[in-house]
Amino acid sequence: MTVLCDVCGVRKAVVYQAHSGRRLCKECFVEDVKRRAREEIKRWGLFGPGDTLLLGLSGGKDSYVLLDVLTEIHSTDKIVAVSIVEGIPGYNREEDIARLREVAKDYGVDVVVTSIREYTGHSLTELVVRAWRRGYRISPCTYCGISRRRILNYYARMFGAHKTVTAHNLDDEVQTAVVNLLRGDIVGLLRLHPAAPPASKLVIPRAKPLRKVYEWETATYAYLLGFPMQETECMFINYAPTLRARVREALYRVERKSPGTLMRILETLDTLLEPAARELETDGLGRCERCGEPTSRGRRLCKLCEILEGAGVVRPLYSAYRDITFKPED
Ligand SMILES: [Zn+2]
Ligand SMILES: [Zn+2]
């Protein structure tokens, strides 16, 4: 017996969407994901038609979904993408990026490929090994996350982009929010809010149009549209911060028992935190004395310079760009 789509009632249902209790056909499912992205962009004013967007694309399934969703609603003349090679053996290999570039080109989007090495002078693996040899115990994910975010912001400024856009999904967002809650990091939690202003004029505001889309939905979307699914697992996965791993595990258990939990958590936080998030200050930051990038007031070094120093890198490559990346009025 063929089960028909709960939305159109005509086509065959191929997806069961647990959080809505609906069975959907391919077309209605894809449209449902796109609709949620459009609603999120509109609700928070994530970007406007005149904005130049810098997309951060990893080459994973979420990258393709982001490309497919964004190019339909935004002029490709105003979209440029950056892909950052981490420098982990066997991961984020050249073929993945080459394929990403090809698909992006079909959409009319150019992908600039860069790497953590190109920016800092060292690959992620080199940094991690150096840090560990020096007894500086810091997770590879911390190096990776902080570097990527910095590099993306650097390119956004260079291209004169109004927003950086990433493919973070609902699962990513809720995990980060809960980790911030558990750590008591209130400012971190508020900065995650889509209505929060950037901490500094030097930080290009970030937009996450897929933040209300489940990770299984981005995977299903990519599969249904025939996007590359080959995802190599990062060899550092077992070194992932254990708190985040535990949070992810616990959230999945609850989500399985009561579908829609992640969505409700993020909706609740969005509503609850909005007034406080809007009150956050822009330019409440100081500048790193080594590279000139923003850092918390009263701190000598920015987070990236600090963790690189932990790896024994006291003159990172990017500190040489200092004079060319800041205009005099900065
Ligand atoms: Zn349908
Ligand atoms: Zn710095």
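Start by selecting Leu54, Leu55, Val65, Leu66 and Ala81: of the 74 residues in the largest nonpolar core, these touch the most other members. The model is a predicted one. In soluble globular proteins, nonpolar side chains tend to be buried together.

Next, keep Leu54 and show what surrounds it. Apart from neighbours within four places in sequence, Leu54 is in contact with Val80 and Val82, with Leu152, Tyr155, Ala156 and Phe159, and with Ala161, Thr164 and Val165.

Now select residues 94-106, which form helix H3. H3 has 13 residues and reaches 19 Å from its first C-alpha to its last, close to the 18 Å expected at 1.5 Å a residue. Colour Asp96, Leu100 and Ala104, the buried residues of H3. They lie on the same side of H3, because the arc they cover around the axis is only 65°.

What do these buried residues of H3 pack against? Select helix H2 (61-73), strand E4 (79-85) and strand E5 (111-115) to see their packing partners. Then turn to the other side of H3, where Glu94, Glu95, Glu102, Lys105 and Asp106 are exposed. Just after H3, stop at Gly108, which has a positive phi of about 85°.

Finally, show the whole protein chain, with its 13 helices and 9 strands. Its radius of gyration is 20 Å, close to the 20 Å that the globule rule gives for 330 residues, so the chain is as compact as a globular protein of that length. Along the principal axes, the C-alpha atoms fill a box of roughly 65 × 40 × 40 Å. Of the 330 residues, 36% count as buried. Among contacts with a separation of 6 or more, 72% join residues 24 or more positions apart.

Key: Residues are numbered from 1 along each chain as its sequence is written. Chains are lettered from A and ligands numbered from 1 in the order in which they are written. This is a predicted model: local features need pLDDT of at least 70, side-chain atom pairs count only at pLDDT 80 or more; totals for chains, interfaces and linings use all residues. Helices (H or I, at least four residues) and strands (E, at least two) are DSSP runs, numbered from the N terminus. The expected span of a helix is 1.5 Å times one less than its number of residues. A residue is buried if 20 or more other C-beta atoms lie within 10 Å of its own, exposed if 12 or fewer, and partly exposed in between; C-beta atoms are placed from the backbone. The arc is that of the directions from the helix axis to the C-beta atoms. Two residues are in contact if their C-beta atoms, placed from the backbone, lie within 7 Å. A nonpolar core is a set of buried Ala, Val, Leu, Ile, Met, Phe, Trp, Tyr and Cys residues joined through C-beta atoms within 7 Å. The radius of gyration is taken over C-alpha atoms; the globule rule is 2.2 Å times the number of residues to the power 0.38.
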